[in-house]
Amino acid sequence: MQRALLYCHYLRSLANKSVPLSLENRKTICAVGAVRGVSMQTFPAQRSSFTRCLSLFFDKRSKLPYQYKRNIISTVLITVATLIAIGALHGQQITFIPNGVFFANPGGASETYSTTGGGIDQTGPFFQSLGTNGRSCGSCHQPSDGMSVSAAHVEQRFSLTQGQDPIFRTVDGSNCNHGIDVSTLPGRSAAYSLLRTRGLIRIAIAVPANADYRVVGVNNPYGCNESDVISMYRRPLPSTNLRFLSTVMFDGRESSPLMGTQKITYVLPPHNLDNLLFDLAHQSVDATINHAQGDGTRPTPAEQQQIVNFEMALFTAQTIGNYAGRLDAHGANGGPIALTTEPFFISINSSVHALLPQFEQPGGQFTPAIFNPFDAWASLPDTSPRAAVARGQAIFNSRPINITGVAGINDDLSAGGLVAGGVPSLTGTCGTCHDTPNVGNHSFPTPLDIGTGDPSPSNSSTNLGGLDLSYLPAITVCKLDLTTNPPTPTGNCKTTTDLGQALIDGRFDHVGKIKGPILRGLSARAPYFHNGSAQTLLDAVQFYEGRFGLVLTTQEESDLVAFLSVL
């Protein structure tokens with residue numbers, strides 16, 4: 001801990017060129033980072049102290065070259081995070097993370113802000129083991145990782161604990177739950193390889209009895225080749241910014257009457273959140289049973305309410321950019337606090353309602369300018385890193401994309417598309433699918449299949465945007481002819497790596513459809529897409545280039561990544 005404080009003071013002395021490095025002068029804790037090792041460790045710090053410290057490095061009066069400033073800040077954040085993680089091995093545990101604590105990540109630092117209690121209380125049921133295998137909600141939803149988990153930090157936890165951390169459990173943390181050996185370190189390393197390298201949890205769901213399709217083949221490289229219960233591999237969604245959700249879980253299973261939950265619909269206050277709150281409480285029970293191997297008695301109704309209240313109070317966003325510095329400076333409105341007052345209702349900015357008013361009602365006044373936190377930086381000199389962020393924001397908001405082959409948009413109305421007979425192409429933008437203002441998910445429950453999990457016809461080891469899928473199973477399903485007795489498979493078949501919504505409602509037309517996630521706090525939780533196929537934000541951008549023919553220059557790619565990294 002003392003070494004981390006010295007690093008902070010060293011930074012201040014470099015920026016000021018006048019402050020001697022000494023133990024007497026290290027009163028300000030200005031660098032805050034955390035990696036969850038055995039337990040969460042962090043330096044609590046007031047926002048003003050941290051911001052004031054980092055401000056020195058972006059002050060025009062500082063004589064340090066910009067690249068040096070960035071390297072120094074990155075080094076101190078990584079160093080502090082590492083020291084803290086190592087400290088976790090000695091049993092040091094913190095039970096409260098006050099608002100204003102920042103967490104280092106590859107893009108700079110993020111913050112999770114709570115509107116209740118002044119910070120994150122780690123003594124509540126969200127962080128308690130309520131099942132039988134030592135896991136809590138916090139095992140996969142950590143403040144240091146934007147309330148999800150990054151693959152890099154999972155790997156670090158594996159190294160620190162030799163694969164004994166509660167996240168490493170064969171119920172769903174291993175690539176398969178049979179035919180594995182976790183008695184040795186090499187065995188655990190192999191068994192948990194997808195969790196370590198891609199941050200993926202295995203989700204096993206039974207094919208609905210009334211499904212209008214049949215699973216005719218499963219080629220799972222890890223041995224889970226069952227065709228009645230399908231193993232899929234998904235990233236844990238962040239348990240923060242939940243007020244903006246239009247559906248719970250990638251496949252919507254926690255917002256579906258078919259699963260005993262409720263569709264999130266437009267309702268006037270004060271009951272506008274009722275369905276969401278019900279779904280989150282239900283999800284807390286399902287997660288404890290399925291992931292923590294609970295018996296269903298916990299969380300109790302009172303604990304469910306505590307968990308939901310805790311989650312609903314959290315807002316997460318990037319606060320410091322590696323290149324841009326403070327994200328609330330020079331007129332910008334980055335960081336999580338602005339999200340606490342961001343207006344939202346179901347369909348608030350529906351891009352679909354703007355085209356077809358009969359859909360996604362009531363709809364709002366659609367604007368393709370989805371994000372505006374960095375508008376003020378557009379007038380800065382072109383060479384400014386902040387100007388790059390503003391340019392990236394403009395690309396996200398306005399660059400035309402020719403949308404083709406997307407189930408849920410281009411397919412026939414009967415299959416969940418927009419119009420009878422389908423629409424071959426639709427000119428949209430990033431905001432067509434990511435339309436919630438300043439948040440980036442879809443403001444109406446609209447599951448889509450954009451091809452992140454679908455093998456390319458020209459190369460089955462990559463998806464439709466050219467990203468590697470070789471580590472995922474290939475699942476082939478065929479639509480049934482329901483006029484025969486018994487129903488028989490037709491030649492209408494599809495191969496994918498994740499059946500998506502079709503495993504919930506049993507509809508062949510819904511194979512591969514999932515929701516798009518909230519885009520805030522991306523830098524804290526790589527890799528990206530539901531299956532972790534985009535290792536970096538640049539990978540994600542290049543997926544859209546390959547999939548939709550989006551043409552970006554190298555500079556435009558860099559600008560768009562700069563923007564996404566500071567959300």
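Author: In the contact between helices H12 and H13, where contact means heavy atoms within 4.5 Å, Leu537, Leu538, Val541, Gln542 and Glu545 of H12 meet Glu557, Leu560, Val561, Leu564 and Ser565 of H13. Of the residues in this contact, six are nonpolar, two are polar and two are charged, where Ala, Val, Leu, Ile, Met, Phe, Trp, Tyr, Cys and Pro count as nonpolar, Asp, Glu, Lys and Arg as charged, and the others, Gly among them, as polar. The model is predicted, with local features needing pLDDT of at least 70 and side-chain atom pairs counting only at pLDDT 80 or more, while totals for chains, interfaces and linings use all residues. Residues are numbered from 1 along each chain as its sequence is written, and side-chain values use heavy atoms, with hydrogens and water left out.

Two packed helices are described by the angle between their axes and the distance between the axes. Helix H12 spans residues 537–548 and helix H13 residues 554–565, and they pack at an angle of about 125 degrees with their axes 9 Å apart; helices here are DSSP runs of H or I with at least four residues, numbered from the N terminus. The axes are lines fitted to C-alpha atoms over the stretch in contact, and angles run from 0 to 180 degrees between N-to-C directions. H12 and H13 are therefore oblique to each other, since angles under 35 degrees count as roughly parallel, over 145 as roughly antiparallel, 65 to 115 as roughly perpendicular and the rest as oblique. The crossing of these two helices, H12 and H13, is right-handed, meaning that the near helix is turned clockwise from the far one by less than a right angle.
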